[in-house]
Amino acid sequence: MLLYRSSGWYNTLSQEELQKLINQNKAWFERLTAQGKAKPGHALERTGVTVSGKNGRFVMDGPFAESKEAIGGYLILDVETIEEAIAIAQSSPGLAYGGSIELRPVAEECPLDVRARELAREEQLVNV
Amino acid sequence: MNTQNQNGYMLLFRGNDWTKSLSPEEKQKVTDQWMAWFRQLMDQGKAIAGNPLEPEGKIVSGKNRVVSDGPFAESKEAIGGYFLLDVASFDDALVIARECPGLPYGVQVEVRPVAAECPLASELKHEAQFANA
């Protein structure tokens with residue numbers, strides 16, 4: 001999974017630059033889709049809230065639109081190796097203007113499950 | 001903020017460090033609750049996708065496309081997984097976010113409307129409108 005982190009850097013581009021980048025992005029995405037390497041991705045609106053606390057009692061506005069850390073969108077890649085995923089992330093046209101892409105392997109199963117199993121196994125070993 | 005959005009909503013689960021203090025039984029309990037919650041939302045047609053993410057990955061950044069390790073495995077901010085929701089209003093999405101079984105343990109759920117188009121394209125339209133005004 002590619003997570004796009006950006007700070008609204010595109011607000012500083014001229015109309016021509018922006019149009020060029022949009023075309024590049026579109027071509028990039030269409031090529032990956034045609035190769036069967038990308039599944040549909042989505043951009044996210046630069047608004048939202050964060051829910052936290054027991055029963056979700058805290059609701060805060062955020063992430064802030066201009067934050068460098070905010071996730072701007074995502075793309076799920078259907079590739080075999082992390083090297084291939086890195087190469088695809090590196091070829092993303094928007095990187096030339098700033099921002100960064102976080103790349104995360106999609107888990108086969110929930111990491112909580114895996115950890116719970118490991119702990120159970122450790123306990124078994126201790127009891128043997 | 002739009003209260004109606006036909007493109008749906010994304011829940012981003014933040015926090016990779018909250019399971020440290022849990023016993024194996026508690027961990028198993030939260031996992032079961034979380035899976036049951038997701039299956040129910042899928043059955044109801046309210047969730048259309050969702051995945052946990054491996055704790056560690058890479059960050060690619062900047063003009064030089066530098067690759068670094070990250071995010072750090074144990075962090076309050078790191079994204080642990082996501083759900084894609086097919087619900088009509090922000091309030092519906094918020095109700096679901098509040099049901100997250102990880103919340104009592106410190107998980108934060110970010111609720112974000114999915115955009116109809118790339119923000120670059122809407123920015124361009126906005127500029128064009130401004131120029132023609």
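How many residues does helix 1 of chain B have, and how far does helix 1 reach from its first C-alpha to its last?

**Entry 1: before starting.** I noted that this is a predicted model, where local features need pLDDT of at least 70, side-chain atom pairs count only at pLDDT 80 or more, and totals for chains, interfaces and linings use all residues. Residues are numbered from 1 along each chain as its sequence is written, while chains are lettered from A and ligands numbered from 1 in the order in which they are written.

**Entry 2: the helix.** I looked up helix 1 of chain B, residues 24-43, and found 20 residues reaching 28 Å, close to the 28 Å expected at 1.5 Å a residue. The expected span is 1.5 Å times one less than the number of residues. Helices here are DSSP runs of H or I with at least four residues, strands are runs of E with at least two, and both are numbered from the N terminus.

Next I checked burial (buried: 20 or more other C-beta atoms within 10 Å of a residue's own; exposed: 12 or fewer; partly exposed in between; C-beta atoms placed from the backbone). Val30(B), Thr31(B), Trp34(B) and Leu41(B) are buried in helix 1 of chain B. They cover an arc of only 100 degrees around the axis, so they sit on the same side of helix 1 of chain B. That arc is taken from the directions from the helix axis to the C-beta atoms. On the face turned away from the buried side I found the exposed residues Glu25(B), Ala36(B), Arg39(B), Gln40(B) and Asp43(B). Just after helix 1 of chain B, Gly45(B) takes a positive phi of about 75 degrees.

Entry 3: I then followed an open sheet of 6 strands, in the order 4(A)-3(A)-6(B)-1(B)-5(B)-2(B), with antiparallel pairing. Strands pair if DSSP finds at least two bridges between them. At the edges I found strand 4 (58-61) of chain A and strand 2 (47-52) of chain B, each pairing on one side only. Strand 2 of chain B is joined by 5 bridges to strand 5 (residues 79-85) of chain B, and the two run antiparallel. Ala49(B) has Leu84(B), in strand 5 of chain B, as its bridge partner.

**Entry 4: chain A.** I counted 3 helices and 6 strands in chain A, running β-α-β-β-β-β-α-β-α from the N terminus on. Its radius of gyration, taken over C-alpha atoms, is 19 Å, well over the 14 Å that the globule rule (2.2 Å times the number of residues to the power 0.38) gives for 128 residues, so chain A is more spread out than a compact globule. Buried residues make up 27% of the 128 residues in chain A.
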